[in-house]
Amino acid sequence: IATGIGFGINVLAEQLPEFLRRYPDVEITLELAGHPADLVAKSIDVAVRLGPLSDSSMVAVRLGAMDRYLCAAPVYLKRRGEPRSPDDISGHDTIEMPAGDGRPRQWRFTRQDETVVVDLHPRICVNEALTIYRLVSNGAGLGMISDYLCASAIKAGRLIRLFPEWTAPPVEVSIVFPSKREIAPTVRAFVDFMTEIGLRDMLWKKHV
């Protein structure tokens, strides 16, 4: 099973013990990386992918979507002041992943029928979501963080969700596997297990 580092640590590590209890003869190799793995080249059976899917040769099963929140640490806001709307972001340090096409990243915010797009010039670019969470938590700047990473920190006051009246587009979460390969019973069992639990239960198991 291949997936991102943050999702593997914070979600799959919570769910796989139950999967193994149900299927005592199954053995798992879990590969975590900051970029999508090539399933065919590396002979990986199945992956959990976050974001849009570009490889049409894969079969995809949608699990749902994760909300994302713009966050900052109290220590950063004390030092730099708190932005009150998307228009204030340009005056702050931002942390984001590098764009795959080389273009500047954008953050899109919606409030009722109003949409604001912010062009970013990140002070820190990093290709892994869990590291963004850590950087934001330690006061390096503003970052867009998925709810499964930041929900408990927001509740505890370790992170501040900025202008919550504005929402960012959610991130799609899908299970993918090669379409030309016969689906192994273990892969089918894993897909059924993940869809049975449901994404919301996976993400909020530790936070409610």
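Visitor: How many helices and strands are there in the protein chain? After that, please describe how helix H3 and helix H4 cross.

Guide: This is a predicted model, in which local features need pLDDT of at least 70 and side-chain atom pairs count only at pLDDT 80 or more, while totals for chains, interfaces and linings use all residues. Residues are numbered from 1 along each chain as its sequence is written, and side-chain values use heavy atoms, leaving out hydrogens and water. The protein chain has six helices and 12 strands; these are DSSP runs, numbered from the N terminus, with at least four residues (H or I) for a helix and at least two (E) for a strand.

Two packed helices are described by the angle between their axes and the distance between the axes. For H3 (residues 129-137) and H4 (residues 147-156), the axes come within 10 Å and cross at roughly 20°. Each axis is a line fitted to C-alpha atoms over the stretch in contact, and angles run from 0 to 180 degrees between N-to-C directions. The crossing of H3 and H4 is right-handed, that is, the near helix is turned clockwise from the far one by less than a right angle.

Ala129, Leu130 and Tyr133 of H3 meet Leu149, Cys150 and Ala153 of H4 in this contact, where contact means heavy atoms within 4.5 Å. The residues of the contact comprise six nonpolar, no polar and no charged; Ala, Leu, Tyr and Cys are among the residue types that count as nonpolar.
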